[in-house]
Amino acid sequence: MSRGDAFIGISDHGGWAVLVTVAMGGPIKPDVGLSGATLLDRRRVELVDADLPKIPHHSECQRLPIDDAVALVERVRVSAERHAKLVLDAVATTVPAHITRIALRHCPWLPPTIAECIEDYRAQNVADWVMYRKALAAAAEARGWAVHWYQPKNVFDAAGAALGIEDLDAHFLRLRRSIGPPWSKDHKLAMAAAIVAARAR
């Protein structure tokens, strides 16, 4: 990690996500700083075309013949990949720093085919989220950015440890008061993930 590097943390949902970009080290701006991490950008983004279903594995595909269901997922996947590229391009052209890594939630294991994901109950409940994460990961890697996979259950503790902060919630509260809305649980999770990604080897 060098001075001027930036890191994107992502909290994803079905068809949309919150991205928070931070810089680590260097001078901290009082209005956007967090004890060694500077907030550079925050945004909510769409990850699929408005006329396509957001969670096809879990919803629409359950009412379709399997061939039609697989074809629908493929259309959503192509759209997700295009949106992921556009989203990361937009951040890269906005942030005044060199982005080197993104942080995404860990992907659970899935069966190898779309059809199996649609038909397997456990898989159909997570396959859509994994599809969007993989689209973002591929778009990042195409730009030469590394991908850090994080576990939401321990990312806040890891971020606090990375910054040497015992009460990360208090720091996030002060940051929220400084920058104003929007500042949701997704923003906090994404920023924590970005901080951990910055410290990852």
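Guide: The count comes to two aromatic pairs. Rings of Phe, Tyr and Trp (its six-membered ring) pair if their centres lie within 6.5 Å. Planes under 30 degrees apart count as stacked, over 60 as edge-to-face and the rest as tilted. Phe 156 and Phe 172 form an edge-to-face pair, 6.4 Å centre to centre, with 85 degrees between the planes. This pair links distant parts of the chain: Phe 156 is in helix H5 (residues 152-163), Phe 172 is in helix H6 (residues 168-179), and they are 16 residues apart. Helices here are DSSP runs (H or I, at least four residues), numbered from the N terminus.

The model is predicted: local features need pLDDT of at least 70, side-chain atom pairs count only at pLDDT 80 or more, and totals for chains, interfaces and linings use all residues. Residues are numbered from 1 along each chain as its sequence is written, and side-chain values use heavy atoms, with hydrogens and water left out.

Phe 156 counts as partly exposed, at 30% relative accessibility. Phe 172 is buried, with a relative accessible area of 1%. Buried means under 20% relative accessible area, exposed over 50%, partly exposed in between (1.4 Å probe, protein chains only).

Phe 172 also pairs with Trp 183: the ring centres are 5.8 Å apart and the planes are at 55 degrees, so this pair is tilted. Trp 183 lies in the loop between H6 and helix H7 (185-199), so the pair ties together parts 11 residues apart in sequence. Trp 183 is buried too, like Phe 172.

Definitions and conventions. Helix = DSSP H or I, 4+ residues; strand = E, 2+ residues; numbered from the N terminus.
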